[in-house]
Amino acid sequence: MEIKSDLPDISGTLLRPGLVSGRRLGEDRPMHDSKTFDLIARGGLVCYAVVHLLVAWLAAQVALGDHAKADKAGALQLVVAEGGAWLLWLIAAGLAVLAMWQLGEAITGHRHVKTRRRTVRRIVSGIEVVLYGLVSYSAVKIALAGADDGQSSLVAGILAESYGPVLVTLAGVAVVAVAVFLAQRGFRKTFVRELDFGGATGTARTVTIRLGQIGWIALSAAYGTIGVLTVVAAVTFDPAKASGLDAALKTLSAQPYGGPMLLALAAGIAAFGAFALLDARFRKI
């Protein structure tokens with residue numbers, strides 16, 4: 001005799017792994033879903049903010065007539081000069097974690113959004129891999145050697161090859177393209193999609209967004225200048241014109257009203273540094 005129960009059959013439900021973890025079936029569970037990774041990633045964003053605040057300070061010095069090197073390498077060299085080699089390793093480690101995180105996002109991440117937007121976000125993550133990775137690499141290089149003077153020699157070596165001018169030109173155009181992308185990121189406020197303002201006050205939200213807009217546009221201006229100078233270096237076969245943000249800032253300072261323009265750019269980069277600090281607080285990780 002078969003005995004029927006009035007209780008609903010939940011055997012199939014108990015076997016659904018999506019409900020065991022508290023997530024809907026099919027929702028991806030990122031590998032970095034841990035408090036430890038969260039703290040390390042946010043610490044890396046703080047390091048990224050500090051680097052840009054140092055760059056802003058050095059850019060202001062160039063505007064006021066100081067000829068100190070004012071690119072990211074110069075900012076990191078300032079850390080070494082103050083006896084903070086250990087801090088360089090911390091910056092390098094934090095940014096390396098950020099780069100690896102964004103590499104994972106660029107390859108398999110953002111599955112919760114629609115296909116078209118997912119592609120855009122993966123491209124953004126790919127760009128961030130490059131940005132974080134370059135600063136991390138510079139930090140390691142300076143921590144080991146105490147200097148970062150290989151960039152212009154690298155450009156000189158490439159220009160010496162038959163394919164050099166074309167390759168350097170393409171690199172410059174790519175940097176300009178990234179600058180355009182960063183500008184639209186600021187104008188259209190697309191970076192807000194990566195932030196979680198849950199529990200934040202209206203003032204904190206507004207300040208974060210405004211600093212982000214100003215900061216991304218200022219960063220775009222800096223990278224755009226670097227890209228243009230890189231193309232000029234390829235056309236004129238002059239590697240010195242492609243020596244990074246340092247040359248870009250000094251080029252701006254040499255123009256009519258260059259001092260005020262450079263101070264405005266320094267303020268914009270400082271705004272990006274301040275935004276990056278807030279980004280460390282509100283970024284979805």
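Reader: In which helix is V46 found?

Author: V46 is found in helix α3. The model discussed here is a predicted one.

Reader: Is V46 buried, partly exposed or exposed?

Author: Residues with under 20% relative accessible area count as buried and those with over 50% as exposed, with partly exposed in between. V46 has a relative accessible area of 34%, so this residue is classed as partly exposed.

Reader: Which residues form the nonpolar patch on the surface together with V46?

Author: The nonpolar patch is formed by V46, V50, L53 and L277, and their accessible area together is about 260 Å². Helix α3, spanning residues 35-63, supplies the largest share of this patch, namely three residues.

Reader: What share of contacts joins residues at least 24 apart in sequence?

Author: Among contacts between residues at least 6 apart in sequence, the share joining residues at least 24 apart is 70%.

Reader: How many helices and strands does the protein contain?

Author: The secondary structure consists of eleven helices and zero strands; read from the N terminus, the order is α-α-α-α-α-α-α-α-α-α-α.

Reader: What can be said of burial and surface for the protein?

Author: Of the 285 residues, 41% are buried. The accessible surface comes to about 15600 Å², and carbon and sulfur atoms account for 65% of that area.

Key. Residues are numbered from 1 along each chain as its sequence is written. This is a predicted model: local features need pLDDT of at least 70, side-chain atom pairs count only at pLDDT 80 or more; totals for chains, interfaces and linings use all residues. Side-chain values use heavy atoms; hydrogens and water are left out. Patches are made of residues with over 30% relative accessible area and no salt bridge: like charges are joined within 9 Å, nonpolar side chains (Val, Leu, Ile, Met, Phe, Trp, Tyr) within 5 Å. Accessible areas come from the Shrake-Rupley method with a 1.4 Å probe; for residues, only the protein chains shown count as cover. A salt bridge is a side-chain nitrogen of Lys or Arg within 4 Å of a carboxyl oxygen of Asp or Glu. Helices (H or I, at least four residues) and strands (E, at least two) are DSSP runs, numbered from the N terminus. Buried means under 20% relative accessible area, exposed over 50%, partly exposed in between (1.4 Å probe, protein chains only). Contact means heavy atoms within 4.5 Å.
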